[in-house]
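Hi there,

Here is the structure I promised to pass on. My notes follow below it.

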Amino acid sequence: MPSPADDGFFALLSELALNLYATWNHSADELWARLDPELWELTHNPWVVLQTTSRTRVEAAKADTAFRDRLAELVEQQHVNAVAAGWFHTVFPASPLTSVAYFSLEYLLSEALPIYSGGLGNVAGDQLKAAHDLRVPVVGVGLLYQQGYFRQHIDKDGKQEALYPFNDPGQLPVMPVRQPGGEWLRIPIALPGIKLWIRTWQVQVGFVRLYLLDTNDPANPPEYRGITAELYGGGPEVRISQEQVLGMAGWRLLQALHIRPEVCHLNEGHAAFVVIERARSFMGETQQNFDAALAATRAGNIFTTHTPVEAGFDRFAPDLMERHFRRYAEVGLSISFRDFLALGRDNPDDDAEPFSMANLALRGSGAVNAVSRLHGEVSRRIFRKLFPRWPAHEVPIGHITNGVHMPTWDSPEADELWTRLCGKNRWCGPEVNLEPGIAKVQPADVWSMRNRARKTLVDYVRQRLARQLAGHGAPSAEIRNATRIFDPHFLTIGFARRFATYKRPNLLLSDPARLLSILTSEHRPVQLILAGKAHPDDRAGQALIEEWIHFVRLTAARSRAVFLSDYDVHMTEHLVQGVDLWLNTPRRPWEACGTSGMKVLVNGGLNLSELDGWWAEAYTPEVGWAIGDGAEHGDSPAWDALEAKQLYDLLENDVIPAFYERDAEGIPTRWVKLMKASMTRLTPNFAANRSVRQYTEQHYVPAAGAYGKRAAQSGAEGAAIARWRHELEVNWGRIRFGSFSVTPGQDQHRFEVEVWLGELSPADVQVELYADPVPGFPAARLPMTPAPEGPPASAHLYSAAAPAARPPSHYTPRIIPRREGVSVPLECPLILWYR
C-alpha cells in the first residue's frame with residue numbers, strides 16, 4: 001500500500017474509501033476507476049483499490065487538479081452530511097430518543113463487505129442507509145465473518161460447489177475500535193469453560209456507525225476463533241455461540257463505548273440474548289431484581305420477525321442451554337435456570353422442550369412486528385400458542401412492510417430521470433406525492449431509459465458469462481459466442497433468489513417445451529436471466545439449480561437463457577436495473593415479504609409474482625401481473641401445475657404482447673403505462689425511507705419514552721409493573737363471573753354482569769364486552785363500567801351498552817389485565833371469558 005502523502009492526499013482518499021456512503025451514491029466511482037479500472041470493475045471495493053494501486057498511480061492522481069478538487073469536494077460533502085440535520089430532527093425536535101441499537105446477524109451494505117446472505121441482510125443494510133438519509137440516530141451491531149456466506153461455483157456438470165474465501169479484515173472497509181489510549185477494544189464473555197475474547201471493528205455508513213464483532217483473536221483457542229468464521233455455518237454449538245456474541249457482547253460493546261440506547265431493535269430472533277444482557281446490566285445499575293429489570297428494559301426493545309414458518313426459528317436443546325446459561329442465570333441474573341428456560345418455551349413445565357430464540361425475543365420486547373401485512377397474519381398464527389384463549393387477530397404482532405433503499409438500487413438512467421422530475425433529495429424527507437412529477441414525463445423518455453438500462457444489462461451478461469465459461473475451461477468458440485448472447489431489444493426477464501423448494505424456482509420450468517417456445521419465438525422473443533444459490537446442505541435446492549442449467553445447456557434455449565453463477569450484490573444491481581420483468585413464484589404464504597421485486601420499481605421494471613409477501617398488498621392490474629388466488633394451498637402438486645399454466649398463459653397472452661405492441665413511434669404504450677403507474681404508486685410505498693419513518697414514528701420514539709418512564713428513579717415503575725403482574729398471576733385463578741343479563745332495546749342493548757375479583761382491585765383489570773368479527777360486523781371491544789357500589793359486598797356489577805344494529809348474542813363478557821403504559825396481552829397474556 002502506498003505511503004500517505006505529506007499533504008494528506010492519501011488520508012483524504014482513505015477517509016473516502018472507508019465510508020460506505022460513496023458506494024451507494026456512486027459519486028466517487030470515477031475516482032476509483034481512475035486509480036485501477038480493472039480492479040475496480042472486478043471488486044467495487046474502494047479500500048482494496050486504494051491499498052493495491054501503485055504509488056505511481058496515486059502520485060499521478062495527486063498531480064491531477066481535477067482529481068484533487070473532486071476528492072476534496074466529496075470529502076467535504078461527507079463532513080457536511082455527518083452533522084446536517086434531517087427529517088428526524090425536523091419532526092422530532094425534542095424527542096426522548098437519542099440512540100437506537102440495531103442488532104442483526106447479517107448486513108448487506110456493499111460487495112466490499114461480504115457479511116450477508118440474503119433478504120435479512122438486505123433489509124438490515126438498507127435500513128441503516130435509510131437511517132442515514134433521514135438522520136435517525138441508529139447504531140448497528142453485527143458480526144465480522146472470516147469467511148462470510150459461501151461463494152458459488154457451478155461445475156461442468158451443473159452442480160453447485162460451495163467456496164469459502166477468507167475475508168481479510170485488512171482488505172475490508174473496517175477499522176479496529178480503539179480505546180482512548182489506543183488499545184484495541186476487546187470484549188470478554190464467558191462460554192462453557194473459557195473466557196472468550198471478542199475483537200471489535202467499526203464501519204462508517206454515512207453518518208451511521210456499524211460495529212462488528214469477531215472471535216478470531218489470538219488469545220482464543222483455535223476451535224473458538226472460528227465461531228465467527230461462517231454466516232449460517234456450523235451446528236447448534238456454533239450458532240448459540242454466535243448469538244451470544246451478537247447479543248451479549250454486542251450490548252457490552254455499547255456499554256464500553258458509553259453508548260446508551262433507549263431502544264434496541266432485534267432484526268430477527270438471533271439477537272434475543274441482548275434482552276437478557278440488557279436486563280442484567282440494568283440490575284447492576286439499579287439493584288433491582290431480574291423481573292423488575294426486564295419489565296423496565298423490555299419497553300425499549302423491538303422485535304421484528306422475518307420468519308413465515310415456525311421451523312425457521314432457532315431452537316436450542318435444554319442440555320446445550322444448560323452448559324451455556326445455568327451459571328449465567330443463577331449467578332448473573334439470580335433466577336433459577338428453570339425460570340430462565342421458561343422465557344424461551346411454549347410450555348414452561350415441559351422440561352424436554354427446546355429453547356426458542358423467537359419466544360425470548362417476544363417475551364423481552366415491548367413491541368413486535370412482522371414484515372408485511374400477510375406475514376402479520378401468519379405470525380399471529382405462529383405465536384398464538386403464547387396467548388392462549390386470545391382471539392388470533394388480537395395476538396400482539398403488527399406489521400411494517402419492508403422497503404428497499406432506492407438510491408442503492410437505481411440505475412444511472414433512472415436516477416437522472418427521477419432527479420429531473422422529483423429532485424435529488426426525494427428519498428430523504430417526509431412522504432411526498434411523486435406522481436405529478438412522473439406523470440409529466442413523456443412516454444418516449446421513459447422508454448428510452450428502459451432501453452438504455454437493458455442494453456447495459458446485456459453488456460454485463462455477456463462479460464459475466466464469458467468470464468464464467470472461461471473459468472470452466474470452455475472452448476474459445478463458446479466463449480466468443482457468449483460475448484454475442486442476447487439482444488438489447490428483446491423482452492428480458494429476471495429470476496434471481498435463493499433456490500429452495502418453497503420458492504418454487506422451477507415453476508417456470510414445469511413445461512420445458514412450452515417455455516422453449518416462449519423464449520425462441522421468431523416474432524416476439526424473450527430472454528431469461530437466472531441466478532441464485534442453494535444452501536450447501538439443501539440438496540433439493542441444489543437439484544433445482546441443476547435442472548435449470550441442464551435446460552439452458554442442452555436445449556435451443558442456450559441463446560435465450562443464462563444461469564449466472566455466484567449471485568452477489570454487484571450482479572443484483574445489474575439485474576434489477578436492467579430487466580423489464582421480475583419474476584417471483586414462492587408458495588404462499590412462505591415469502592414473509594421479499595424485497596428483490598421492490599428493487600426493480602425505481603428502474604421502471606415490472607413484476608409478475610405470486611400473491612405473497614409484499615406483492616399481496618402491492619398488486620393491482622394497473623401495476624403488473626399476479627398468479628395465484630390469494631389463498632393457501634400447501635405444497636399441492638395439482639395447485640403448482642395450475643399456477644404454472646396460469647404463469648405461461650399470462651406470459652403468452654398478456655405480458656409479451658404488452659411489450660411488443662408498439663405505436664407509430666415504436667413505443668409500447670400499454671407497457672409504458674404500466675411502468676409509470678408502478679413507478680409512481682409503488683416506488684415510494686416500498687422504499688426503505690418509508691419503512692424507517694414508520695419504525696421511528698410507531699416504535700422508536702414511543703419506545704424511548706416508555707423506557708424512560710420505566711427506568712426513571714432506578715427503575716421504580718419497572719419494579720411496580722413486575723409486582724402488579726405477580727399479583728395478577730397469583731390471584732387470577734380466584735376471579736370469576738356471576739350472573740349475566742341482557743336487556744334488548746330499539747337503539748341499544750344493555751348488558752350487566754357480576755364479577756368477583758378476590759384480592760384484586762377493579763383498577764387492575766378491564767371488564768369488557770367482546771364480539772368476534774363476522775360477515776357484516778368487525779371485531780368489537782366495549783369497556784364495561786363498574787357500579788360505584790352494589791350487593792353482594794364481594795361482587796362488582798359491571799355494565800355497558802351496545803348498538804342494537806348488532807345482535808346481542810354476538811357479545812361475550814371477558815376480563816383482561818389493565819395498567820397504564822403496559823401492553824396487554826404482550827406483557828401479560830391472562831384472560832378470563834364468561835363462557
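Which residues does F383 touch, not counting residues up to four places away in sequence? They are F303, F313, A358, N359, L362, V395 and I397, with contact meaning heavy atoms within 4.5 Å.

Before the rest, some ground rules: this is a predicted model, where local features need pLDDT of at least 70 and side-chain atom pairs count only at pLDDT 80 or more, while totals for chains, interfaces and linings use all residues. Residues are numbered from 1 along each chain as its sequence is written, and side-chain values use heavy atoms, leaving out hydrogens and water.

F383 also belongs to the largest nonpolar core, which has 124 residues; L113, F340 and F383 have the most contacts inside it. Such a core is a set of buried Ala, Val, Leu, Ile, Met, Phe, Trp, Tyr and Cys residues joined through side-chain atoms within 4.5 Å, buried being under 20% relative accessible area with a 1.4 Å probe, protein chains only. Helix α29 supplies its largest share, nine residues (helices are DSSP runs of H or I, at least four residues, and strands of E, at least two, numbered from the N terminus). A second, separate core has 103 residues, including W548, V602, L611 and A618.

Finally, there is an open sheet of four strands in the order β21-β22-β26-β25, with antiparallel pairing (two strands pair if DSSP finds at least two bridges between them). β21 (736–743) and β25 (785–786) are at the edges with a single partner strand each, so one side of each lacks a neighbour in the sheet. Two bridges join β25 to β26 (residues 796–803), and T785 sits opposite S799 of β26.

Enjoy exploring!

Notes:
Buried < 20%, exposed > 50% of the residue type's maximum accessible area, 1.4 Å probe, protein only.
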